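Hi everyone, thanks for making time this morning. Let me put the structure up on the screen, and then we can walk through it together.

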Amino acid sequence: MKHIFKFYILVFSIFSGFPIISSADAHSLFNSSEETLGDYRVQIATQPEFPQIGDKSQILIRVTDTDYNEVERFTMGMRIFFNEEQINAVRPQSIDGAHFNTDFVFYDSGNHIFRVDLYDATDDGQLLTFTFNLSTQSPFGYIFISAIAAGGIIFAGVIGIIFIPKIIKRKSKS
């Protein structure tokens with residue numbers, strides 16, 4: 001009788017949760033950001049999530065409207081600053097589709113400012129500039145990742161210490 005009751009509770013829990021889950025999104029990258037100006041929303045991220053100094057990273061840009069529909073065609077340029085000095089730029093170009101990717105090497109540790117310019121983005125042909133702050137891997141990044149991993153391992157250990165003896169006792173009684 002107990003097993004049938006548990007089965008019905010499980011089935012009820014599963015099916016009652018379906019209406020709640022209407023959409024699911026992939027996890028956003030740690031080193032990512034988004035900004036909305038006018039009728040456009042621009043997202044930027046790096047791959048890998050924590051760029052290493054001196055290694056090639058990929059800058060990922062996605063342009064959508066305010067309803068999260070991808071823009072089919074746009075003209076954009078990008079300027080990259082470090083310590084308030086422009087260190088690189090991507091010349092304005094027409095992009096088909098909502099995604100733009102480019103390779104970039106971070107040579108200095110710290111925050112880099114990326115200014116993404118959308119040309120002819122307003123009704124009167126004005127420029128929209130989206131500003132993003134991306135940082136490179138620092139020694140604290142390793143500490144952050146290690147702390148998360150250690151927390152997960154400790155949590156699993158505590159759960160194991162609490163529940164494994166109960167499972168062993170239950171099996172030894174039967």
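Let's begin with Lys169, which is exposed, with a relative accessible area of 56%. This is a predicted model, by the way, so please keep that in mind as we go. You'll find Lys169 in helix H2, which covers residues 139-173. On the surface, Lys169 gathers with Lys166, Arg170 and Lys173 in a patch of positive charge.

Now let's zoom out for a moment. How many helices and strands does the protein have? There are two helices and eight strands, and along the sequence they follow the pattern α-β-β-β-β-β-β-β-β-α. Of the 174 residues in the protein, 25% are buried.

Next, please look at strands S1, residues 32-37, and S2, residues 40-47: they run antiparallel and are joined by six bridges. S1 and S2 make a hairpin, with two residues between them. Gly38 sits in that turn and has a positive phi of about 60 degrees.

On to the charged pairs. Side chains of opposite charge can pair when their charged atoms come close. The structure holds five salt bridges, and I'd like to show you some of them.

One of these joins Arg41 and Glu34, with 3.1 Å between the closest N and O atoms. Is Arg41 buried or exposed? Arg41 is buried, because its relative accessible area is 5% and the cut-off for buried is under 20%.

Another salt bridge brings together the side chains of Lys56 and Asp103, at 3.8 Å from N to O. Lys56 is in strand S3 and Asp103 is in strand S6, residues 99-105, so this pair ties together parts that are 47 residues apart in sequence. Lys56 is exposed, with a relative accessible area of 59%, while Asp103 is partly exposed at 44%.

Then there's the salt bridge between Arg62 and Glu70, at 3.1 Å from N to O. Arg62 is partly exposed, with a relative accessible area of 24%, and Glu70 is partly exposed too, at 41%.

Let me finish with a proline. Where is Pro51? Pro51 is in the loop between S2 and strand S3, and it is buried, with a relative accessible area of 0%. Pro51 and Phe106 are 55 residues apart in sequence, and their C-alpha atoms are 7.3 Å apart in space.

How values were computed
Residues are numbered from 1 along each chain as its sequence is written. This is a predicted model: local features need pLDDT of at least 70, side-chain atom pairs count only at pLDDT 80 or more; totals for chains, interfaces and linings use all residues. Side-chain values use heavy atoms; hydrogens and water are left out. Patches are made of residues with over 30% relative accessible area and no salt bridge: like charges are joined within 9 Å, nonpolar side chains (Val, Leu, Ile, Met, Phe, Trp, Tyr) within 5 Å. Accessible areas come from the Shrake-Rupley method with a 1.4 Å probe; for residues, only the protein chains shown count as cover. A salt bridge is a side-chain nitrogen of Lys or Arg within 4 Å of a carboxyl oxygen of Asp or Glu. Lys and Arg count as positive and Asp and Glu as negative; His and the chain ends are not counted. The place of a charge is taken as NZ of Lys, CZ of Arg, CG of Asp or CD of Glu. Helices (H or I, at least four residues) and strands (E, at least two) are DSSP runs, numbered from the N terminus. Buried means under 20% relative accessible area, exposed over 50%, partly exposed in between (1.4 Å probe, protein chains only). Two strands pair if DSSP finds at least two bridges between them.
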